[in-house]
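Take a look at the model first, and then read on.

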Amino acid sequence: MNRIEIIAKVKELGLATEKPAHQCKTDYLEKLLSETHGVTIKQKGRPVNTSSNRQIRLQELEARRASGELRRGRPVVEDSNRQIRLSLMGTLPLGRKPNPESAAYKRRMDLEERRANGTLKRGRPAQVKE
């Protein structure tokens with residue numbers, strides 16, 4: 001059955017779908033037909049030969065993947081300079097060190113301190129009414 005025939009069959013049987021039948025996916029309509037009225041739809045595509053070399057290799061790969069034996073990519077050397085640098089990334093400060101005597105730094109530290117204490121007033125100041 002092609003898509004048009006499947007849609008016609010769903011409409012003919014009056015099956016309730018989540019959307020109009022022509023907006024639904026073909027797989028959903030096929031599943032709906034097979035569950036409710038036992039309409040069988042022929043399997044599409046070329047049949048799989050389970051004893052072929054490719055299928056055997058794919059099954060072995062899937063089994064190794066499930067057991068955790070399958071490793072992909074280049075192995076990681078734990079004590080390499082790059083791995084040490086990456087492990088320290090979160091702990092080392094990045095960029096230039098600030099000058100603690102600058103006005104901007106002092107203002108920033110004052111703001112952080114007031115935020116931590118909860119004394120920082122947020123937003124625009126209220127207009128003074130005369």
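## A proline in a loop

Let us begin with Pro-93, which is exposed because its relative accessible area is 72%; exposed means over 50%, buried under 20%, and partly exposed in between, with a 1.4 Å probe and protein chains only. Pro-93 sits in the loop between α4 and α5.

## About the model

This is a predicted model, in which local features need pLDDT of at least 70 and side-chain atom pairs count only at pLDDT 80 or more, while totals for chains, interfaces and linings use all residues. Residues are numbered from 1 along each chain as its sequence is written, and side-chain values use heavy atoms, leaving out hydrogens and water.

## The overall picture

The protein chain has 5 helices and 0 strands, and its elements run α-α-α-α-α from the N terminus. Helices here are DSSP runs of H or I with at least four residues, strands are runs of E with at least two, and both are numbered from the N terminus.

The chain has a radius of gyration of 33 Å, whereas a compact globule of 130 residues would have one near 14 Å. That radius is taken over C-alpha atoms, and the globule rule is 2.2 Å times the number of residues to the power 0.38. Along the principal axes, the C-alpha atoms fill a box of roughly 80 × 65 × 20 Å.

## Surface and contacts

Of the 130 residues, 9% are buried. The accessible surface comes to about 12400 Å², and 50% of this belongs to carbon and sulfur atoms; the areas come from the Shrake-Rupley method with a 1.4 Å probe, and for residues only the protein chains shown count as cover.

A contact means heavy atoms within 4.5 Å. Among contacts between residues at least 6 apart in sequence, 15% join residues at least 24 apart.

Thr-26 is buried, because its relative accessible area is 19%. Which residues does Thr-26 touch, leaving aside its neighbours within four places in sequence? Its contacts are Arg-3, Ile-6 and Lys-44.

Ser-34 counts as partly exposed, because its relative accessibility is 37%. The C-alpha atoms of Ser-34 and Ser-51 are separated by 29 Å, and these residues are 17 apart along the chain.

## Helix α4

Arg-85 has its place in helix α4 (residues 81-87). A relative accessible area of 49% makes Arg-85 partly exposed. From Arg-85 to Thr-36, 49 residues apart along the chain, the C-alpha separation is 61 Å.

## Helix α5 and what follows

Why does the length of helix α5 (residues 103-117) agree with expectation? At 1.5 Å a residue, its 15 residues should span 21 Å, and its end C-alpha atoms are 21 Å apart; the expected span is 1.5 Å times one less than the number of residues.

Asp-110 lies in helix α5 and is partly exposed, with a relative accessible area of 35%. The C-alpha atoms of Asp-110 and Leu-120, 10 residues apart along the chain, are separated by 9.7 Å. Just after α5, Gly-118 takes a positive phi of about 85°.
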